[in-house]
Amino acid sequence: MDFINKHIRFLLLPLLLFGTSLLVLGVHAAEHLDVRIITIDVVTNLCLAAILSRLLAWRIRLYPTKVLSILHANFLAFFAVIILFGLSEFLLNHILLKKDLSYQVYIDQTKYIRFLSSWLSLGWLAHTTVLVKRQADFKRDIELHQNATISLREAELFRLRQQLQPHFLYNSLNSINALILIDAERAQEMVGRLSDFLRLSVRRETQEQTNVLDELTYIESYLCIESLRFGDRLNVVIDKAGDDVDAAALPAFILQPILENAIKFGLYGNVGKVLIKIQIQLKDQLLHITIENPFDSTVQTPRGTGFGLEGIRRRLQLLYARADLLEIQKTENTFTTIIQIPQ
Amino acid sequence: MYKVIVIDDEPLARELIKSLLKNYPDFEIVDACADGFDAFKSIQQHNPDLIFLDIQMPKINGFELLEMLDKPPAVIFTTAFDDYALKAFEAHAVDYLLKPITRERFDKAIQKCMHQALYSNVASVQNMLQEQVYEGYQHRIVVKDKGNIRIIPSDDIHYIEANDDYVKIVTKDASFLKKSTLGHIEQTLDPSLFVRIHRSYLMPVKQLLRIEPYEKNSHIALLHCGMKIAVSQTGMARLKSLLGW
């Protein structure tokens, strides 16, 4: 049913019209002609028209305004008719009917009216094609818009989830629980750090943009807790190139999930100590942030990490309309995430 | 006197369990391990009655560790947040502790262990491991190789053969035996990459070179590694639907 809708309806109707008009014209114009010539003429013309109309439908493209599209379609239809005429005359005259005199008379008599009817039917076909294409265009636009809305909502949801980080929170509380029993003073310190982190998270909740200095303060409060949790296994080195980097802008909650990813990959892929390197550079109005962590390709990705990076890619795409801002490089034992933030 | 091993990658989490267990003189902590490799050796050495086991750990996770053990001890899982695993625990009445671990919950879990014989715990954990405990699919199989743990990436597998109580996992340079069923392995691997072509054979689709007819109603699969494997009628149907023939 879909196939008929798509291809046949728009071809069959004009072609039927075209065929019958040819037939009627032929019979009217030359009573003395035999049926053979009319039949051959009609069949040949129909076949050619079918091929041409298909080509016509492919060539038609859309212009911003309807008038332009329709003019373009009619222009193409006009050429199609000329080609149709040339081809059919050549075929009938030289190959199929071998310069039959009665055919030439018939052709002469019906030339103009045939041209008109052919143009009308092919023009109609071109019109419908334009309309169908416009409709498809609209549909695609609507879908695109819907998808964009959905991904925006997903990104927003992801941001919220990033702020909550239940896994991180529960594990930190568990560490505090342990410290209460073994070292009350350090427990207090950890509570302090965790509240610092949470306070910064809450303050940033409404912020879309932040700068490198603020982001690094936030990251450090996060790393403080992580280093308490994992002891001396975790080492993070931050390397900033230049002073003007501090003021560079970046979207809130972009860096921290990547770092969390790096820590997870690093800690779950390795048994011993783990070094994570962060490089921040400002170059050609682009803020480059490179995060490198050790990684073992045979180890199962910790759950949730795939979505983490995917979510960041989507957020960057929504914010800057560029798909190339997040880059991932994997070697056998290092995993590097590179993000670029236009300034 | 019960022998206990605590397995968690976070030092403070291990300390917490140690402190909480001080109230129970019947339980003696013989070791604490930070990763699955270490734990595997320690369990074989000490033969504990009970282990506290974190699920997310470096290299191999808690479930994979348990699969490696010939004589698994009783287990109390400790986890912060894993909906999928929690459902599995609930379904099989396996003991678990949610982090942050409170004394109240901890006491309950220990009481339960002391009152119920530990072997009922062992049985329920074993039952649970026969089913799918992971969300999504695994991309590797962890096996024991001459007393060591070996991680086989699923890309390296040529085929897997059922072998009584064991499965034989064949890779480019070696084959490994693992105590499991083919059905279980099939469940954990990605069904778009692996296909059960026979009651006794599971193979990665990318290994398939060609299929030849063999007797009535059956076929033979020729693999890139040169191996020939029987294809059953249902296996053929699965292969067809997977490859879209």
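These are my notes from looking through a predicted model.

**Sheet in chain B**

I started with the strands of chain B. Five of them make an open sheet, ordered β2-β1-β3-β4-β5, and the pairing is parallel. I then checked the edges: β2 (27-33) and β5 of chain B each have a single partner strand, so one side of each has no neighbour in the sheet. From one strand to the next, the twist averages 20°.

Next I looked up one pair inside this sheet. In chain B, β3 (residues 50-54) and β4 (residues 74-79) run parallel and share five bridges. Across that pair I found Phe52(B) opposite Ile76(B) of β4(B).

I also followed helix α1 (residues 11-21) of chain B. Helix α1 lies across β1 (2-7), β2 and β3 of chain B, and runs at about 175° to β2(B).

**A cis bond**

Which peptide bond is cis? I found the one from Lys99(B) to Pro100(B), with omega near -5°. Pro100(B) sits in the loop between β5 (96-98) and α5 (103-115) of chain B.

**Positive phi**

I noted Asp284(A) for its positive phi of about 50°, though it is not a glycine. Its loop joins β4 (274-283) and β5 (286-294) of chain A. Is Asp284(A) buried or exposed? I put it down as exposed, because it has 8 C-beta neighbours inside 10 Å and the cut-off for exposed is 12 or fewer.

Asp164(B) went into the notebook too: its phi is positive, about 55°, and it is not a glycine. I located Asp164(B) in the loop between β8 (157-163) and β9 (166-171) of chain B. With 8 other C-beta atoms within 10 Å, Asp164(B) is exposed.

Technical notes. Residues numbered from 1 in each chain as written. Chains lettered and ligands numbered in written order. Predicted model: local features only at pLDDT ≥ 70, side-chain atom pairs only at ≥ 80, totals over all residues. Helix = DSSP H or I, 4+ residues; strand = E, 2+ residues; numbered from the N terminus. Buried ≥ 20, exposed ≤ 12 C-beta atoms within 10 Å, placed from the backbone. Pairing = 2+ DSSP bridges. Axes fitted to C-alpha atoms, helices over the stretch in contact; angles between N-to-C directions. Contact = placed C-beta atoms within 7 Å.
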